[in-house]
Amino acid sequence: MTNYENGKSLPSEENLIKLAQALSVPLGFFERESTEPVPIEAASFRKLSKTTSTRRDAVLASASLAVEFFSVIESKFKLPGPAVPSLDKFSPEQAAELVRRRWNLGDRPISNMIHLLESKGVRVAALRHEFVDIDAFCFVRDSVPYVFLNTSRSAERQRFDAAHELGHLVLHSEHDMEPSTSKEREAEANHFAASFLMPRSAILTQSMRSASLERILAARSFWKVSAMAMTHRLHELHLLSDWQYRAICVTLSDQGYRSSEPGGIVPETSQLLRKVMFGSVDKVSLREAANDLALYQDDVRSFIRDLVPVAA
Ligand SMILES: [Zn+2]
């Protein structure tokens, strides 16, 4: 393997077949131009320390194939240009308010995070299912932001993940993601996500002080966030005391809200991918994309799994 990789020896036809089987790619994969890898520093990994380097490399390799997949789409369709502001001088709360203002979102709940990101030029894809233990991540390539979502999570968690990655793009895209500062940046991206999905000014007008569990559950349905995220936000805005916060967390945990979202919403899907792959005469079919990329259709399908209902 090492000799092939550093180009010192070319594999024989027989070895190529074996290699293709081992990597589960079509033979033609080796004739394609090599892909520019997604650099580690450019990617945000929430659980950087828990991700082994081999798995991280596999995720990044899959991410660079997804970048190529989008360029196949762009050879046929004009996609929205990037419109994510860079606001690294602001606090997460201020930055979230500024992005809402710039995008004319007012104080309303975000109806669909994926549609919103796509309309602002962010390319959204699914993480391959073998990486379910890895959280969402993002990177910028040639000025285009990419967000990869873990579609095995609850709808509310995915929305929070999408907002969290938007936070990285807004606050941190000008900087390399260094492991030494990753903890601080994770907290900033979480704070951005909570502020973006549950804007301070609107929450403060909703009479949520010392809110009951019923009230919190109604509010989480309104804002389309998890009950845990809603409770955390109310505590962050000093609308719940430490004692009230802890008591509600214990109750939510007992009722299964820590690992799932009882009574939750249906996961969001992609408007862009549905349109370009299934919605028009000039569509990019799975087969065509797979041929262009010298990949199996299943590999291409993995980029859009759960994001496009018919491809599930
Ligand atoms: Zn993060």
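This is a predicted model: local features need pLDDT of at least 70, side-chain atom pairs count only at pLDDT 80 or more; totals for chains, interfaces and linings use all residues.

Me: What is the phi of Lys224?

Reply: The general idea first: most residues other than glycine have a negative phi. Lys224 is not a glycine, yet its phi is positive, about 55°. Asp306 also has a positive phi, near 70°, and is a residue other than glycine. Asp306 belongs to the segment after α14 (297–304), and with a relative accessible area of 29% this residue is partly exposed.

Me: Now a strand. Which residues of β1 are on each side?

Reply: In a regular strand the side chains alternate between the two faces of the sheet. In β1 (residues 123–126), Arg123 and Ala125 are on one side, with Val124 and Ala126 on the other. All four are buried, and both faces of the strand are covered.

Me: How many bridges join β1 to β3?

Reply: There are 4 bridges between β1 and β3 (residues 144–149), and the two strands run parallel. For a place to look, find Ala126, which stands opposite Leu149 in β3.

Me: On to the pockets. What is the volume of the second largest pocket?

Reply: Rolling a probe the size of a water molecule over the atoms shows where empty space is left. Here, the second largest pocket has a volume of about 720 Å³. It is lined by 27 residues, and those closest to its centre are Arg157, Phe160, Ser226, Met228 and Ala229. Two or more lining residues come from each of α6 (155–172), α7 (182–197), α10 (227–236) and α11 (242–254).

Me: Which element gives the most to that lining, and what classes of residue are in it?

Reply: Helix α10 gives the most, with 5 residues. By class, the lining has 10 nonpolar, 10 charged and 7 polar residues.

Me: Last one: which residues touch the most other members of the largest nonpolar core?

Reply: Those are Phe69, Met113 and Phe196, in a core of 91 residues. Helix α3 (residues 53–74) contributes the most to this core, 10 residues.

Technical notes: Residues are numbered from 1 along each chain as its sequence is written. Side-chain values use heavy atoms; hydrogens and water are left out. On a 1 Å grid over the protein atoms alone, a cavity is a set of points where a 1.4 Å probe fits but cannot get out, and a pocket is an open set with protein on both sides within 12 Å along at least five of seven lines; lining residues have an atom within 4 Å of a point. Grid points are joined across faces, edges and corners, and a volume is the space filled by probe spheres set on the points. Ala, Val, Leu, Ile, Met, Phe, Trp, Tyr, Cys and Pro count as nonpolar, Asp, Glu, Lys and Arg as charged, and the others, Gly among them, as polar. A nonpolar core is a set of buried Ala, Val, Leu, Ile, Met, Phe, Trp, Tyr and Cys residues joined through side-chain atoms within 4.5 Å. Buried means under 20% relative accessible area, exposed over 50%, partly exposed in between (1.4 Å probe, protein chains only). Two strands pair if DSSP finds at least two bridges between them.
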